[in-house]
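Please read the following walk through a protein model with the sequence and the coordinates side by side.

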Amino acid sequence: GSLHRERRLFLRTTVKELSIILAEEPGLLGPKILFVFMALSFSRDEISWLVRHAENITKTKSPEDYVDSNIAELLFVMEELRGLLYKYKKIIQRYFVLYLAHFDAVVLSETIQNLSVCPEEESVIMSSFVNSLTSLNIKQVMGSDRDLMGFADLTLWHPSLASVSESYWFPAAFQAYTSVAKTPLILRENLKLASLMNTIIFHTKLLDNLHGLLEETADLTLFCFYPRLFEKVFSQSIEEPTQLPYLIAFPMVCSHFSSCIHDMCPEEYNVLQKRSLGLCNNFLDEIAKQASGCMIQLCYEQHNLSEKLLPKYTAQTISKAVNKKRKKPVSKKVEPNREKPGIESLRKDRVVDTNMDKHHLTLTEYCIAINYVRELVIFEHTVLPSEYLTSQLEIRLT
């Protein structure tokens with residue numbers, strides 16, 4: 001438990017730093033893309049571990065190790081990294097088109113030539129594969145995504161060759177040839193070739209199957225099957241002041257749940273859709289309620305400040321000034337001292353926060369969360385977070 005807690009703490013800071021660096025230098029997404037997927041995978045695994053064990057704590061374990069009120073920040077940085085990958089998708093594609101054509105194709109050609117045994121049929125397949133990689137050009141990336149269609153079939157472990165397009169069936173056919181009995185070229189004895197082929201397949205997936213890679217490494221659909229725990233984690237995060245800007249991560253995670261559906265279980269669609277929309281609605285509604293409540297508190301504070309400027313409160317100050325000018329004796333009657341308007345702006349130390357400061361800071365953090373995304377797509381439904389705040393303010397002010 002303590003080991004996983006420290007891992008989550010490490011990942012929160014490290015992944016956040018990685019996200020900041022990549023946001024400032026998106027060109028690093030090409031050469032460092034593997035580290036991005038590693039960070040997402042490690043974070044996903046730690047969150048999955050916490051979800052599976054949080055409600056099944058044995059008596060010998062410490063309960064504190066299974067409660068993480070800062071989980072919102074880790075979810076948020078994961079969503080931030082996903083957003084960066086989608087935003088700079090063209091940069092990644094341009095990098096790996098050139099990488100495949102000018103590096104992977106060259107290394108693969110040299111590896112094939114250095115094979116001790118390479119039958120004619122396998123040699124033809126691999127030569128055609130190298131030629132296909134060499135023919136890749138950057139114009140395919142500059143156009144629409146349709147120009148890159150076909151790489152999804154270019155996989156070493158494809159289960160069927162029948163549906164694979166003729167241009168991209170080489171690795172699957174090569175595996176089929178090298179997996180039969182008494183084949184001269186045994187794949188397991190040529191680990192360098194197998195490793196290189198898998199690396200090339202990964203690079204081709206980055207061209208037209210980025211969404212699939214993200215589903216493999218950063219999918220958080222597990223929360224869909226633990227709704228009570230998901231709401232509990234949200235409640236813990238909303239009570240932690242440092243986690244308020246990251247609360248939008250919970251509704252964003254609900255957009256992952258659509259990947260749970262499967263063609264063989266169509267009856268689950270309505271259930272998953274209802275649960276996803278329900279959780280997203282509850283989270284956004286609670287964030288909006290807290291933000292609108294904070295805004296009402298600010299209105300009360302402003303009302304109290306404006307009341308200090310009313311004429312009835314100036315009579316005592318004017319009377320004292322007149323009596324002092326006429327040198328009249330001070331009345332022995334003790335009168336309560338009222339603070340002068342504007343006294344709240346005079347501070348001996350800026351570290352000391354007033355109620356107005358606290359409310360402004362809290363409202364700012366809620367607004368950061370609400371305005372982080374303009375819209376969320378949940379099972380073909382478009383959700384606007386800002387509309388929740390508008391509706392809550394209308395309810396409060398009417």
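A contact here means that heavy atoms lie within 4.5 Å. On that basis, residues 24 or more positions apart account for 79% of the contacts with a separation of 6 or more in the protein chain, which belongs to a predicted model. The chain is made up of 398 residues, of which 40% count as buried, and its secondary structure includes 15 helices and two strands.

From the chain as a whole we turn to its largest pocket, which holds about 510 Å³ of space. Its lining consists of 22 residues, and those closest to the centre are E79, R82, M252, S255 and L376. Two or more lining residues come from each of α3 (71-87), α9 (210-218) and β1 (376-378), and α3 gives the largest share, with six residues. Sorted by class, the lining has ten nonpolar, six polar and six charged residues.

The aromatic rings are the last stop, and across the whole structure 15 aromatic pairs are found. One of them joins Y95 and F96 in an edge-to-face arrangement, with 5.0 Å from centre to centre and 80 degrees between the planes. Y95 is partly exposed, at a relative accessible area of 30%, whereas F96 counts as buried because its relative accessibility is 3%, and the cut-off for buried is under 20%.

Key:
Residues numbered from 1 in each chain as written. Predicted model: local features only at pLDDT ≥ 70, side-chain atom pairs only at ≥ 80, totals over all residues. Heavy atoms only, no water. 1 Å grid on protein atoms, 1.4 Å probe; cavity = no way out; pocket = protein on both sides within 12 Å on 5 of 7 lines; lining within 4 Å. Points joined across faces, edges and corners; volume = space filled by probe spheres on them. Helix = DSSP H or I, 4+ residues; strand = E, 2+ residues; numbered from the N terminus. Nonpolar A, V, L, I, M, F, W, Y, C, P; charged D, E, K, R; others polar. Buried < 20%, exposed > 50% of the residue type's maximum accessible area, 1.4 Å probe, protein only. Phe/Tyr/Trp six-rings, centres within 6.5 Å; stacked < 30°, edge-to-face > 60°.
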